[in-house]
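Please look through the sequence and the 3D structure shown here before reading on. The text that follows is a walk through some of its features.

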Amino acid sequence: MLDLLLAKDMDAIAELWAEHGTAEFPFAVGDSPRRLSGREEVRGYLAGYPERMDVRAIPALVVHHLEQPDTIVVEFTAHGRTVRTGEPYRLDYVTVITVQDGLITRYRDYWSPLAAASAAGTLPELLGSLHAGNAR
């Protein structure tokens, strides 16, 4: 999957999902989805990613194998450039992936929305939306 990310082949990444597999982002805030259901929702979510984030390297990668043979925990760091600002970024991820018959059935991505917004150049908007949400 990370090789496909570096190749910016979002369609091929979506094909790694089982037809009814899910993607979950427990820390998502603002307009970011917390859950995607099915391969096609994952495909739609990934479609514009290369136009926002230009991932150029995955310099750190650790895979933890669990007692459950169908699930792994992956820690990785992505380095790249934010397309909107041209600024470099570094983001850390912890992802729990469950597979069945070679396809992802459950993907849980524990990324930092603040770090992602900072990298994307949208931190002021994210903070503004959080503040507006608390004012209700």
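Predicted model: local features only at pLDDT ≥ 70, side-chain atom pairs only at ≥ 80, totals over all residues.

A place to begin is its largest pocket, which holds about 1,100 Å³ of space. The residues lining this pocket number 44, and those closest to its centre are Tyr-45, Tyr-49, Arg-52, Tyr-93 and Trp-111. Sorted by class, the lining of the largest pocket consists of 32 nonpolar, 6 polar and 6 charged residues. Strand β4 provides the largest share of the lining, with 5 residues.

The largest nonpolar core contains 27 residues, and Leu-5 and Tyr-49 have the most contacts inside it. The largest share of this core is from β5, which supplies 4 residues. If residues up to four places away in sequence are not counted, Tyr-49 touches Leu-5, Met-10, Val-55, Tyr-89 and Tyr-93.

The aromatic rings can be followed from there. A pair of rings is described by the distance of the centres and the angle of the planes. In this model the count of aromatic pairs comes to 5. One of them joins Phe-76 and Tyr-93, with 4.7 Å from centre to centre and 10° between the planes. This pair counts as stacked, because stacking requires planes under 30 degrees apart. The pair links distant parts of the chain, since Phe-76 belongs to strand β4 (residues 71–82) and Tyr-93 to strand β5 (residues 88–100), 17 residues apart. Phe-76 and Tyr-93 are both buried. Elsewhere, ring pairs link Phe-25, Tyr-45 and Trp-111 into a cluster.

Thr-22 sits in strand β1 (residues 17–24). Is Thr-22 buried or exposed? Its relative accessible area is 8%, so Thr-22 counts as buried. Apart from neighbours within four places in sequence, Thr-22 is in contact with Trp-17, Arg-35, Leu-36, Ser-37, Thr-105, Arg-106 and Tyr-107. Ala-7 is 15 residues from Thr-22 along the chain, and the C-alpha atoms of these two residues are separated by 23 Å.

Arg-43 is part of helix α3 (residues 39–46). Arg-43 has a relative accessible area of 18% and is therefore buried, as the limit for that class is under 20%. Leaving out neighbours within four places in sequence, the contacts of Arg-43 are with Asp-11, Ala-14 and Glu-15.

The last stop is the backbone. Which value does phi take in Lys-8? Phi of Lys-8 is near 60°, a positive value in a residue other than glycine. Lys-8 lies in the loop between α1 (2–6) and α2 (10–14). With a relative accessibility of 33%, Lys-8 counts as partly exposed. Asp-101, also not a glycine, has a positive phi of about 55°. Asp-101 is found in the loop between β5 and β6 (103–109). The relative accessibility of Asp-101 is 75%, so this residue counts as exposed.

Note on methods: Residues numbered from 1 in each chain as written. Heavy atoms only, no water. Phe/Tyr/Trp six-rings, centres within 6.5 Å; stacked < 30°, edge-to-face > 60°. Helix = DSSP H or I, 4+ residues; strand = E, 2+ residues; numbered from the N terminus. Buried < 20%, exposed > 50% of the residue type's maximum accessible area, 1.4 Å probe, protein only. 1 Å grid on protein atoms, 1.4 Å probe; cavity = no way out; pocket = protein on both sides within 12 Å on 5 of 7 lines; lining within 4 Å. Points joined across faces, edges and corners; volume = space filled by probe spheres on them. Nonpolar A, V, L, I, M, F, W, Y, C, P; charged D, E, K, R; others polar. Core = buried A, V, L, I, M, F, W, Y, C linked by side-chain atoms within 4.5 Å. Contact = heavy atoms within 4.5 Å.
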